[in-house]
Amino acid sequence: MAGAEPMEPPDDQSPDRPAPVRERPAGGRPAPDRLAHLRAHLAPAEAVSGPVLPLGLAPLDGRLPGGGLALGVPHEIAPEGDGDEAAALGFLVALLARRLADGPGEALLVLAPGHPLPYGHGLLALGLDPGRLLFLEAADDTEVFRALEAALQAGALPAVAGLVAEGLPLVAGRRLQRAGAGTLLLILRPAGVERPNGAATRWRIAAAPASGDESTDARSDGTADGSARPRWRARLARCRNGRTGDWLMEWDGAARRFDLPRGLAGHASAAGGAPG
């Protein structure tokens, strides 16, 4: 059909999925592509050519190419499961706040139907000034991606984020990457919407009890009343040219930085994970 987007390749042809491993040749030595596959998974994170946003935690940044989230490429965030939607949104807001702490400018948040607008008190609790966040409600995911692409092409915002209903298609991801130089680009999708895409990293976020009073239930976005810091169980499920991992992360909204919870910073279980 004229004007239709090309069909997405199957998952095993996704650009960030390793190629299938061929059988070992006669003689018992691994095939060259098998060796390359192993080196890519065992090597430390490679440098990237463009700027990055460090998360400020060595166990995380050491697994990310260039020592942080690459700017100008999409990063996918999703709830780990049902009930973790607000936690995933809180993690996204924390990343926006950390990016805006680097200098002047605003962030753009484009929402597809079904995503509630964050409220001012919650944004302030996470360290993001509501006056520096622009909202745009879109009719569907297609409009979300069009708005993000237009904002990226304008080049005036340090960060943009899209909250979508069906995930990030390959074609949309490629278009955003071509337009996104120097901008933090985040995509938040619902749990269970798995599809091949070109995201540089894929994060799965679950709620965790906030710090301060462990006997008090944390709110669903990971925040709590008083001086308690929000916490999330963050799983880096996919990292192109890097390594995956799983961490219990704590967010300091006043300093706009991530921490490992006290008493766990030196434990492997708090900063563990398998090679990507």
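Mentor: Start with Asp 102, which counts as exposed because its relative accessibility is 53%. Exposed means over 50% relative accessible area, buried means under 20%, and partly exposed is in between, using a 1.4 Å probe and protein chains only.

Trainee: Which side chain does Asp 102 meet in a salt bridge?
Mentor: The partner is Arg 99, at 3.7 Å from N to O. A salt bridge here is a side-chain nitrogen of Lys or Arg within 4 Å of a carboxyl oxygen of Asp or Glu. Arg 99 is buried, with a relative accessible area of 15%.

Trainee: Before I go on, where do these values come from?
Mentor: This is a predicted model, where local features need pLDDT of at least 70, side-chain atom pairs count only at pLDDT 80 or more, and totals for chains, interfaces and linings use all residues. Residues are numbered from 1 along each chain as its sequence is written, and side-chain values use heavy atoms, with hydrogens and water left out.

Trainee: How many salt bridges does a search of the whole structure find?
Mentor: The search finds 11. One of them joins the side chains of Glu 80 and Arg 235, at 2.9 Å from N to O. Glu 80 lies in the loop between β3 (74-79) and α3, and Arg 235 lies in strand β9, so the pair ties together parts that are 155 residues apart in sequence.

Trainee: What about Arg 231, which side chain does it meet in a salt bridge?
Mentor: Arg 231 meets Glu 250, at 2.8 Å from N to O. Arg 231 is in strand β9 and Glu 250 in strand β10, so this pair ties together parts 19 residues apart in sequence. Arg 231 counts as buried at 12% relative accessibility, and Glu 250 counts as buried at 6%. Salt bridges that share partners join Arg 229, Arg 231, Glu 250, Asp 252, Arg 257 and Asp 259 into one network.

Trainee: Change of topic. How many helices and strands are in the chain?
Mentor: The chain has six helices and 12 strands. Both are DSSP runs numbered from the N terminus: helices are H or I with at least four residues, strands are E with at least two.

Trainee: And how many residues has the largest nonpolar core?
Mentor: That core has 43 residues, and those with the most contacts inside it are Ile 77, Leu 92, Leu 96, Trp 203 and Phe 258. A nonpolar core is a set of buried Ala, Val, Leu, Ile, Met, Phe, Trp, Tyr and Cys residues joined through side-chain atoms within 4.5 Å. Elements that give it two or more residues include α3 (85-100), β9 (231-239) and β10 (245-252). Of these elements, α3 gives the most, with 11 residues.

Trainee: What does Phe 258 touch?
Mentor: Not counting residues up to four places away in sequence, Phe 258 touches residues including Leu 55, Phe 91, Trp 232 and Glu 250. Contact means heavy atoms within 4.5 Å. There is also a second, separate core of 20 residues, which includes Phe 145, Leu 148, Ala 151 and Val 160.

Trainee: What do the buried residues of α6 pack against?
Mentor: They pack against β3, α5 (141-154) and β7. Helix α6 covers residues 170-179, and its buried residues include Leu 170, Val 171 and Leu 176.
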